[in-house]
Each structure stands twice: as C-alpha cells, then as structure tokens.
Amino acid sequence: MATAVVETGERETYLNREYGIKSWLLTVDHKRIALLYLIGITFFFFVGGFFALLVRLELLTPAGDLVQADTYNKLFTMHGQVMVFFFLIPAIPAVLGNFLIPIMIGAKDLAFPRINLLSWYLYIIGGCLMAYTILAGGVDTGWTFYTPLSTEFLKTNVITAALAVFVSGFSSIFTGLNFIVTIHRMRAPGMTWNRLPLFVWAHYATSIIQVLGTPVVAIAIVLVALERLFHLGIFNPALGGDPLLFQHLFWFYSHPAVYIMILPGMGIVSEIVCCFSRKRVFGYQAMAMAVLGIAVVGFLVWAHHMFVAGISVYAALIFSLLSYFVAVPSAIKVFNWTATMYKGSITYQTPMIYAFGFIGLFTIGGLTGLFLACLGVDVHVTDTYFVVAHFHYIMVGGTIMAYMGGMHFWWPKISGKLYPEFWGKLSAMIVFIGFNLTFFPQFILGYMGMPRRYWDYSKAPEFQILNVLSTAGASVLAVGYLMPMIYFLWSMRYGKPAPDNPWNAAGLEWMIPSPPSTFNFDEQPVVTWEAYNYDEIKEEVPVAQ
Amino acid sequence: MKEAMSDHNSSSEHVSSIGSSVAIWLALLVGTALTVGAAYVDLGPFNVVVALAIASIKATLVVLFFMHVKYTHEKLTKMVIATAIFFFLILLALSMADYGTRLWT
Amino acid sequence: MHNSSVATANHEVHDNPALLHHFATAEQQKDAASLGMWLFLVTEVMFFGGMFCAYLVYRYKYFGDFGSASQQLSIKLGAINTAVLICSSLTVVLAVRAAQLGKRTVLVFWLLATIVLGLVFLGIKADEYAEKFEKHHVPGPSFHYHELLPGQAGLPPADRRYANPSHAEMYFSLYFAMTGMHALHMIIGVGLFSFLTYFAWRGKYTPGYYTPIENAGLYWHFVDIVWIYLFPLLYLIDRHR
C-alpha cells in the first residue's frame, strides 16, 4: 500500500491521501474517478461548444459563405456526436453519480471499483478515437449515422466515429451496471429503498436504460461498420435491405438515451428543491415511481423520430399514442416539485436558481415534445428548427442547468471549498438569458419552416433576424458557461474552506467532512430517518457565503 | 453412484448432482434431435412455431438448471431475466408493428 | 471528531483473502458479482437481440429466398455443433460442481474439456465458412448465387423458379454477422476459460471462493443459448420441401 502523505494536523482526505499522477490514473476511489471524468467531460464540452460556435457563425448570414456545405455537415455532426456521447450521456452519472451514490447509500465505494476505472479508460479511449476522427477530417453523417448514406456513399471517417461511439457506449454500460449492483447490494443498514434520496432513484432508473438500450445502438453501428468493411448488405437497398431497419435499431437506444440525459438531472433538482425550500419532497413514492415509469415507457416510443421516414401509418399511430403516455410521469415530477416549494421557506442560492431554470425550461421543452408527438404537427415541423429548439430546451435548458446546479450544490463537498456566491448567481442569470435568446427564436424559425442541417437559407432571407438573435444568445451563453470554469478553479486555491454542511441539507453526504476521507465513513452508518427530514433539521440555509 | 439432489457445500449454495446434470444434458440432446426431425415434416406456418418452442424449452432448461436459477435464493435474478426478455420482445414486436403493417391499405 | 489517521478504523482482518475491502461479507461480494454478471448477460441479450430483430424483419419479407439460402447450409454440421455446445455446457456444470466440492484436479479436467469442446465448435464453424467461401456465398463483390427456391426441384425445368440472389445475399449477410458474432463470443469464452484453468491449477479456487468459475459458466451457458436459437432459425427453414 502506498504511503499516505499527510502533513501534521491536516486531515486525511481523498484528495491528499496520495499524490502523483499514478495515484490518479490507477485509482479505484469512486471520488477520484469522478474527478477524472470531470476533466474529460469538461474538455469535450468545449470541443462540442466550439463546433456549435462555428455552426452559429455560419448561420449569421443567409448565404453559405463561411464554410463549404460538406464542412457544415461535419460541423453539426461533430457537435452532435461529441455533445451527446462524450458530454451529456456521461456528465451527471459519471461525475456526480460516481462521487455521491456510494456516500448517499452509506457505502465505502461502488460494487466494482476496478470496473469503474475501466469505464473511465473506455471513455478516454472512445474520446481519443473521436478526437482522431475530428483531426482526420471529421464525419458528416449527422450524429444519427443514417444508412445508406453512412454505409454506401460517404468517404469520410465513419468507421472511426462508429468505433468511438461503440467504445464509449461500453463505458456507459459498465457505469450503469455498477450503479445497479451498488444500489441493490451495498446500502447501509436501515437505508431501505423508501429512504433513498431521489438522486439515487433517478440514477437507478438511468442505469436500467443504459444496460438495456446501449447494446442495441452498439450492434446497429457495428453492422454499419461491417457493411462498410465487408460489404454485408443488411441496410443496402440494392439487396432488398431497408434503411429504416437501421433507424429502428438506432432509435431504440437513442430515444431512451435522452432519458439517460434527463433523469439524473431530475434527481439533482429533487435534492436542490427540497434543500432550498426546507421541505420534504411532495409525493416521494410518486417521484420514485415516476423515474421508473419514464425509464420503462421511454423504451416504447422510439419511432416517433421516424414519423416521416416511411414507417407505416398504423405504426405511427401506435408510437404517437405511446409518446403521449411518456409525458405523464415527467409532468408528475414537475407538479411535485412545485408542490414541494409551496409553503416552503425558499431561498435563492445559485443551485436553486438553476433548479428554477430547469423546471421552467424543461416544462417548455417537454410540452413542445408533445406537440411533436402529434402526427399532424410533426409532419409540418419535423426536420426543422422547431425540433432543434425542442431538444435543446431539454438537453441544455434541462440537463445542463441541472448539471450546473448540482455542481454548485455539491462543490463544497467535492472540493472542500466554497465558490463565490455572487459570481454563481450572476453566471446562472447570464446562462438563463443567453439560453433563451439562443433557442427561443429557433422555435419560431422552425414553425416558419427553416429546415435543420441546412447551411444556406438564402432562399428565405427573412429568417436572418432570428438567426442573428440566436447566435447572439449563443455568445452570451458561452460567457455564462465560462464563468463557473474560472471561479471554480479560483475557489480551489482561494475559496473559503467549506464546512461539512454549508447548506444545512439532509442526506448522508452532508454528515461527513468536506472533502470526504477516502473510505467516506469512519464507521458504517445506520440509517433511522426518512429522506429529506427537513422538519427535523432546525437550521435555515446559511445566507452569506 | 447416486448423490442427493441438494448437496451442500460450506457456503450453502446448491450443488448440482451429477445425475440431474446428465438428465438435463440428455433432454437437450433429445430436443435437438426433435428440432431436426420436425424440420422435415410439413407443418406449414407451424414449423417455425415448433422450432422456436423447442428452442425455448431447451433455453429454459439451461437457465433453470445449468445456470442454477431454479435453486437460487435471489428473486432479483428472475426479475433481471424477465426484464431482458420483455425488452427484447418489445424491440421485435414494435418493429414488426411497422413492417407487418406497411402493406396495409 | 475526525481523526487524522488514515481512515481504516473499520477494516478488520479478514480470514478470507479474496474478500475485497469495500464489502462487508463474502456473501455480499459473491451476490454482487453474480448480479453483475447477470446484468452483463442482459446487455448481451439486447446486443444479439438487435441482430435477431434484423433477421426477423428480413425473414418475414423474403421467406422463400431465405429458405433457399438456408438449404445451402449443412444440417449435419449444424446439428453436430449444437450437440458439441450442449456437451460443453454439461462440462461447465461439472466444473462448477467440482469447484464447489473443492476437487482441484476434477475442476481442471472439466475446464479443459470445455475448452476442447469450444475449439471443436470453432473448428467445425471454420470448415463451414471455408465451404461458403468456395461456393461464393460470402457477401460482397464476389457473391454469386444461382439456386432454386425450396420445392421447385420436382417441377419441370422450364417452370422452376430461382431464388432472388440479392435476398440470398441478405441472408448470408445475416448468417455471417450472427454466427460471426457468436463465434467471437466463443473465442472470448475459450480465452476466459484458459485463464481460469491456469488459476484453477494453481489452486486459487476453493469451496469458499469459486465465483469466477460460476460467473464464467453463466457466460458460457448464455453463448450456448444464443446458438440454441441460431441453429433452427438459420439452418432449418423450409427443410421439408
């Protein structure tokens, strides 16, 4: 066992227990692995953001004058692939989930710490493959890899991109598998299912989706790669193959994938809303069942991405109906967060601002999803900016807001330092304003008929003003995202040391020091209280930070 | 030399007896022979039903006996298996909801 | 309240050297490992499931042509391979039993038997693939197919209908994808069992700790089950004609 470097008087934490690059790259501590992921996903967030910036720059003018059409196809493809597979899917589970789940259930680590490290290495290998794909000239299939474009007609780096997604998919599968076993088998005495924080329930549901869905997209892209390499004709129309078969297999995962992206965010919001309303969650059972319901029903709706692709109208009717059903558990959650806040003592620290942003923007995103589930509307707005706005409201207005809220909420626990609250609030407001300025015009653009994935709209110059607003918004949004990067890093050196429980919040993670020691607990906790026992916690949330 | 059905080792996991293992093995081989034989009989659309039914019986025998699911104290294992089968069937059923109805007017 | 010593206050010395520090008991560790393997098998069900879905769709659309292509495979070799895998599942069961009873040499014997049977399967598969190469039934530029639909042989030559070669190529695409993926999993299984045989010979597995044998056994049985479905679906279409 490596010697622990502990200076006299300084408490041993997971950060100072060992130093050196080897102690990080060979760690099996779930908290260190969470930080390794944090570095990776932050890097890819900026890579994906860079591509978004170029897309929005091109769209400032109606003519395609910044880049070639083929290059534009590569820009939105790389934006999508990097953001979905290397940022949104792993971000909350692999950073906050990894860090917090063992602590929240009273365990020393995840069930399989070495597989946890393997997951990170698979993520990095996938990331390197994606980086290679970018440097080798990118790929232009759209993030969706549709056949026969991807199998027959493109000379670009489809196989390396497919391989990158395949490898990172296994990272996702192993993380999900680890979480499920951990939550089933490693809970401390007294931590029954009905006492679990909703953050844990949300990750449990997410993990079920990861385990069931990811392998199907894996086989779909393996078949694309085999078709390119060995001329197997499974999606080849010339052999009687059906391009829609690829879409069925692809969307069977990729629709539940959006629930992989949103459910962990919902878990975060539950934690934050309860803390900053000083109240138990309204309807704990309903909230827990709702995340499971979203996970299950989410697997039944995939062909709503294919309404105009050529599926039979009878299938379209079935999938449309099922898509309406999936909105119900999500709506229940929004109602219950609202009911939780009702007659609570609400304070507006940075995490709560992000949570409010999430609830409002997720509601808009979710409602517009229902519009899209309606066949008549979908025929009109599919493949337009309406769809783009819908999913960005959920993924950015929802997931990224929740992620930022969670990072601020748990930053003191993770780093042992307090971030500057004024800058936190300011960034949150800038993000909210920038976000709406970027994406609300896109609803209008889509409704007016602007297609997505088009690099030139010179036939409809009336679209320009809204595009300019959108690009302006994107710049504001970028500032809003850069600021926390700066002050989080600043706080690591200059921030005030954080107490164990800066928010007077409920939950096992707030009963251990900030930052935690390597094995989390000095003694195994025995849980005798219900979740969100804010009626027993007398103190208010400290106001001045 | 016959051994009891439920040997116990120190961790009180079920230990398969040689007799029961061989019995299942024989059943699987018989099933294979039946499948091949049935393929040569004209049952019309039921050929594939019979083939899949025999395959499913064989698979069930492997899961319950060879993979020890019959003897496990863990209910979760059965839930996990049921979940996998359910979602696999969803993939097939809803995909066929499209392909099976494409030619309907 | 927080001591400054390394937080190992609750680490007892365990009798069982195989017990990892983050588990409270050996049983918890074993249950966790078992659940982990079952969940991994769930991912494998969905992974192969995608290919079974593709197969279902195309068999439904091109039933006659698939029947014709299926008749190009050797039932004899397919049935032998099925029997080989069933025998290898038996040897796996006997290996697990030997581990549970602490019989080291018996364990090594049954592990080796499993590996041998796995290699036999792969050998027969390689032979079948070689035959497909010779007959130009491998999808791609060199594919050539000119065979009758099932049941046409009894008709006068002028009335006989031939299978659509494109759809036959589709069948063989699925054949190679599915059996190839299955064979890859067999190779991985043989590799796994080779490692286990080595460690078993070194005495690593005892009645108190044989989890890797049991979990590798689960994997092997799963690969067997995939073949149990592949055999009738690929080899036995429309054979009565």
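Biologist: What pattern does chain B follow, read along the sequence?

Modeller: Chain B reads β-β-α-α-α. That is three helices and two strands. Both kinds are DSSP runs numbered from the N terminus, with helices being H or I over at least four residues and strands being E over at least two.

Biologist: And how should I read the labels and the values?

Modeller: Residues are numbered from 1 along each chain as its sequence is written, while chains are lettered from A and ligands numbered from 1 in the order in which they are written. The model is predicted, so local features need pLDDT of at least 70 and side-chain atom pairs count only at pLDDT 80 or more, whereas totals for chains, interfaces and linings use all residues.

Biologist: How much of chain B counts as buried?

Modeller: 30% of its 105 residues. Buried means 20 or more other C-beta atoms within 10 Å of the residue's own, exposed means 12 or fewer, and partly exposed is in between, with C-beta atoms placed from the backbone.

Biologist: What share of the chain B contacts join residues at least 24 apart?

Modeller: 28%, among contacts between residues at least 6 apart in sequence. A contact means that the two C-beta atoms, placed from the backbone, lie within 7 Å.

Biologist: Which residue in chain B has a positive phi although it is not a glycine?

Modeller: His68(B), with phi of about 65°. His68(B) sits in the loop between α2 (46-66) and α3 (75-99) of chain B. Most residues other than glycine have a negative phi, and most peptide bonds are trans.

Biologist: Is His68(B) buried or exposed?

Modeller: His68(B) is buried, because 21 other C-beta atoms lie within 10 Å.

Biologist: On to chain A, then. What does its secondary structure come to?

Modeller: Chain A has 15 helices and zero strands. Its radius of gyration is 23 Å, close to the 24 Å from the globule rule for 545 residues, so chain A is as compact as a globular protein of that length. The radius is taken over C-alpha atoms, and the rule is 2.2 Å times the number of residues to the power 0.38. Of the 545 residues, 58% count as buried.

Biologist: Which helix gives the largest share of the side of chain A that touches chain C?

Modeller: That contact takes 45 residues from chain A and 36 from chain C. α6, α7 (198-230) and α8 (243-277) of chain A each supply at least two residues of the chain A side. The largest share, ten residues, is from α7(A). By type, the chain A side holds 28 nonpolar, nine polar and eight charged residues.

Biologist: How do α3 (residues 69-105) and α6 (residues 158-185) of chain A pack?

Modeller: At an angle of about 20°, with their axes 11 Å apart. Axes are lines fitted to C-alpha atoms, for helices over the stretch in contact, and angles run from 0 to 180 degrees between N-to-C directions. α3(A) is therefore roughly parallel to α6(A). The cut-offs are under 35 degrees for roughly parallel, over 145 for roughly antiparallel, 65 to 115 for roughly perpendicular, and oblique for the rest. The residues of this contact are 13 nonpolar, seven polar and no charged.

Biologist: And α10 against α11 in chain A: what is the angle there?

Modeller: α10(A) (residues 313-341) and α11(A) (residues 350-373) pack at about 165°, with their axes 10 Å apart. That makes the two roughly antiparallel. The α10(A) residues in the contact include Tyr324(A) and Trp337(A), and those of α11(A) include Ile359(A) and Leu370(A).

Biologist: What is in the loop between α10 and α11 of chain A?

Modeller: Lys343(A) is one residue placed there. Its phi is near 60°, a positive value in a residue other than glycine. Lys343(A) counts as exposed, because it has 9 C-beta neighbours inside 10 Å.

Biologist: Where are the cis peptide bonds?

Modeller: One joins Thr147(A) and Pro148(A), with omega about -5°. Pro148(A) lies in the loop between α4 (113-135) and α5 (149-153) of chain A. Another runs from Ser514(A) to Pro515(A), with omega near -10°. Pro515(A) is in the segment after α15 (464-494) of chain A.

Key: Ala, Val, Leu, Ile, Met, Phe, Trp, Tyr, Cys and Pro count as nonpolar, Asp, Glu, Lys and Arg as charged, and the others, Gly among them, as polar.
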